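User: I would like to go through the labels attached to this model and see what each one rests on. Please set each value against its cut-off.

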Amino acid sequence: MDYTNKTGYIFLKVNTGYTREVFEQFKTTDWVIGAWAVTGDYDLIVWVNAKTEDDLYRYANSIREWKGVEMTNSHYVHDGFLTNFETLTNPNGAWVRLRVDTMKDIPTYLKNYNFVGSYASIPGEYDYLVWTNGETVHETIENVLTMTKDRTWRTYTHIPVYTYFNENMNNVL
């Protein structure tokens with residue numbers, strides 16, 4: 001399913017020892033579609049139901065007030081694609097940030113891979129956020145390499161440690 005201008009992603013850095021506590025807060029936040037505690041330069045990736053840029057701004061500011069949150073980096077989704085919600089709960093999946101050489105035809109290119117469960121255009125330092133699946137974490141990483149083979153893209157892969165998906169958000173997109 002394609003979606004446009006309905007959601008946003010917020011990347012968080014939290015103080016040492018606060019990842020689990022901050023992650024748990026998202027489970028009681030009604031505007032959260034999903035949350036992932038991840039490896040990498042950010043500690044959490046949160047997908048929010050932001051119908052406007054003002055919503056995203058308000059959510060990011062709210063999160064910044066939480067105990068243990070060091071910083072947020074928010075991105076309003078220009079357009080996106082999701083195969084199904086279940087794909088985002090695969091414990092062997094991974095988020096990949098892509099910086100591409102040209103944005104032309106990227107959505108069509110990504111849809112060609114059955115292991116791409118979701119992508120979102122998130123203008124900023126990186127152009128796309130892609131959920132990549134595999135039967136194992138090793139296969140997921142191999143799929144990332146396949147997806148970026150022969151491309152001059154810069155990538156950053158985040159492996160989830162904890163995953164939360166808000167079942168009440170199935171009808172958001």
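Predicted model: local features only at pLDDT ≥ 70, side-chain atom pairs only at ≥ 80, totals over all residues.

User: How many salt bridges does a search of the whole structure find?

Analyst: The search finds 5.

User: What makes the contact between Glu-24 and Arg-20 a salt bridge?

Analyst: The N to O distance between the two side chains is 3.6 Å. The cut-off is within 4 Å for a side-chain nitrogen of Lys or Arg and a carboxyl oxygen of Asp or Glu, so the pair qualifies.

User: Where do Glu-24 and Arg-20 lie?

Analyst: Both are in helix α1, residues 19-26, at a spacing of 4 residues, about one turn of the helix.

User: Why is Glu-24 called partly exposed?

Analyst: Its relative accessibility is 30%. Buried needs under 20% and exposed needs over 50%, so Glu-24 falls in between.

User: What makes Asp-41 and Arg-97 a salt bridge?

Analyst: Their closest N and O atoms are 2.7 Å apart, and the limit is within 4 Å, so the label holds.

User: How do you know that this pair links distant parts of the chain?

Analyst: Asp-41 sits in the loop between β3 (32-38) and β4 (44-48), whereas Arg-97 belongs to strand β7 (residues 94-99). The two are 56 residues apart.

User: Is Arg-97 buried or exposed, and which label does Asp-41 get?

Analyst: Arg-97 has 4% relative accessibility, under 20%, and therefore counts as buried. Asp-41 is at 30%, between the limits, so Asp-41 counts as partly exposed.

User: What makes Asp-55 and Arg-58 a salt bridge, and how are they placed in helix α2?

Analyst: The closest N and O atoms are 2.3 Å apart, which is within 4 Å, so the pair meets the criterion. Asp-55 and Arg-58 are 3 residues apart in helix α2 (residues 53-64), so about one helical turn separates them.

User: Which labels do Asp-55 and Arg-58 get?

Analyst: Asp-55 has a relative accessible area of 13%, under 20%, so it is buried. Arg-58 has 45%, which is between the limits, so Arg-58 is partly exposed. As for networks, salt bridges with shared partners join Arg-20, Glu-24 and Lys-27 into one.

User: Why is Trp-31 called buried, and which residues does it touch?

Analyst: Its relative accessibility is 14%, below the 20% limit, so Trp-31 counts as buried. Trp-31 is located in the loop between α1 and β3. Leaving out residues up to four places away in sequence, it touches Trp-47, Val-48, Asn-49, Tyr-59, Ser-62, Ile-63 and Met-169.

User: Why is strand β9 described as largely enclosed?

Analyst: Of the 5 residues in β9 (residues 128-132), 5 are buried, so the rest of the structure largely encloses the strand. Tyr-128, Val-130 and Thr-132 point one way, Leu-129 and Trp-131 the other way, and all are buried. In a regular strand, side chains alternate between the two faces of the sheet.

User: How do you know that β9 pairs with β7 and with β8?

Analyst: Pairing requires at least two bridges; β7 and β9 have 5, so they pair, in the antiparallel sense. β8 (residues 116-121) and β9 also have 5 bridges and so pair, again antiparallel. Trp-131 in β9 is the bridge partner of Trp-95 and of Ser-118.

User: What lies between β8 and β9?

Analyst: The two strands form a hairpin with 6 residues between them. In the turn, Gly-124 has a positive phi of about 155°.

Methods. Residues numbered from 1 in each chain as written. Heavy atoms only, no water. Buried < 20%, exposed > 50% of the residue type's maximum accessible area, 1.4 Å probe, protein only. Contact = heavy atoms within 4.5 Å.
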